[in-house]
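Here is a briefing on the structure shown below. It is grouped by topic for quick reading.

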There are 2 protein chains.
Amino acid sequence: MDESCTVYQAADFIGRRWTALILLELYKGESMTRRYSELKKRIPGITPKMLSMRLRELEREGLVKKTVDASEFPVKSSYSLTKSGKDFIKIIKVLKNWALTWKLDNKLCKNAECGKCPADNL
Amino acid sequence: MDESCTVYQAADFIGRRWTALILLELYKGESMTRRYSELKKRIPGITPKMLSMRLRELEREGLVKKTVDASEFPVKSSYSLTKSGKDFIKIIKVLKNWALTWKLDNKLCKNAECGKCPADNL
DNA sequence: CGGTATCCTTTCGGATACTG
DNA sequence: CAGTATCCGAAAGGATACCG
């Protein structure tokens, strides 16, 4: 697949570490807005570098919108899903349904609500 | 996302280079069977190592079925999609539809049939 | 024909320290 | 608070040669 093809790009994208996780975290509660520090706290193990990298990628690709409140110190940043970002969630849903159908031996996914799974709300 | 979660695994999976390409190649013509050398010829640029690696992964994950005819020399191998493999194609379809909806500026995908796109038949 | 084996480069991502 | 800078090890993937 040509690297300039968005299908390829989207596939490459979702496969990167933390990306799906960040999207799902922003998806919880629909039009949720999350601060950088909230994301960091709610996504165990992610380093500041990876979080800001992924957020920049997602912003560049138009899935995430960043807003900055610089009116006072310290500066506050908020992130939320754009329309295309929300729509991207459906891809994760399809992925999950595929897994539920064909990978039933996997304990984490067998239980409709595997407490540990961030894709729980799908 | 826990690495043992199949949702994560499936995402990781589709993001790997050549994987989607191989699946799409096997999908052309529905229950198509392809020889190793056919795949190699039809997927420009793939190296023997990558092709056999990906095929092994896909087989291990149950998306691809391999059959070997060792009755004569040289040995002949054939690969085809399993049910779960065919079903996985729908994920690529959703991916493509998402791209078509939100990434219309991309010329390759804008044309409903971009001759160069292996996802053309979706 | 259908792969392996080897080597090598590039990219990814983790750890940690630091800053406006 | 919201990141950036630096360093480093691991893993992915390409090139090429070889084998049963």
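**Protein–DNA surface and helix pairing**

The surface near DNA strand C has nine charged, seven nonpolar and three polar residues. The model is predicted.

**DNA strand C**

- DNA strand C is surrounded by 19 residues. The closest are A:Arg17, A:Lys49, A:Arg54, B:Ser37 and B:Tyr79.
- Four elements each supply at least two residues of this surface: α4 (48-60) of chain A, plus α3 (36-42), α4 (48-60) and β3 of chain B.
- The element that gives the most is α4(B), with four residues.

**Side chains at phosphate oxygens of strand C**

- B:Tyr79 has a polar side-chain atom 2.5 Å from a phosphate oxygen.
- For A:Trp18, an N or O atom of the side chain is 2.9 Å from a phosphate oxygen.
- For B:Ser52, the corresponding distance from a side-chain N or O atom to a phosphate oxygen is 3.2 Å.

**The α5 pair**

- Helix α5 (residues 83-102) of chain A and helix α5 (residues 83-102) of chain B have axes that come within 10 Å. The axes cross at roughly 180°.
- Angles over 145 degrees count as roughly antiparallel, so α5(A) and α5(B) are roughly antiparallel to each other.
- On the chain A side, the contact residues include A:Phe88, A:Ile91, A:Val94, A:Leu95, A:Trp98 and A:Trp102. On the chain B side, they include B:Phe88, B:Ile91, B:Val94, B:Leu95, B:Trp98 and B:Trp102.
- Charged residues also take part, among them A:Lys83, A:Asp87, B:Lys83 and B:Asp87.
- By class, the contact divides into 12 nonpolar, six charged and two polar residues.

**B:Thr19**

- B:Thr19 sits in helix α2 (residues 19-27) of chain B.
- Its relative accessibility is 1%, so B:Thr19 counts as buried.
- Beyond four places in sequence, B:Thr19 touches B:Phe13, B:Arg54 and B:Leu58.
- With B:Arg54, the B:Thr19 side chain makes a side-chain polar contact at 3.5 Å.

**B:Ser77**

- B:Ser77 lies in strand β3 (residues 76-81) of chain B.
- The cut-off for buried is under 20% relative accessible area. B:Ser77 has 19% relative accessibility and therefore counts as buried.
- Leaving out neighbours within four places in sequence, B:Ser77 is in contact with B:Arg34, B:Arg35, B:Tyr36, B:Lys66, B:Thr67 and B:Val68.

Terms used
Residues numbered from 1 in each chain as written. Chains lettered and ligands numbered in written order. Predicted model: local features only at pLDDT ≥ 70, side-chain atom pairs only at ≥ 80, totals over all residues. Heavy atoms only, no water. Axes fitted to C-alpha atoms, helices over the stretch in contact; angles between N-to-C directions. Parallel < 35°, antiparallel > 145°, perpendicular 65-115°, else oblique. Contact = heavy atoms within 4.5 Å. Buried < 20%, exposed > 50% of the residue type's maximum accessible area, 1.4 Å probe, protein only. Near = heavy atom within 4 Å. Polar contact = N/O pair within 3.5 Å; in protein donor to acceptor, adjacent residues only side chain to side chain.
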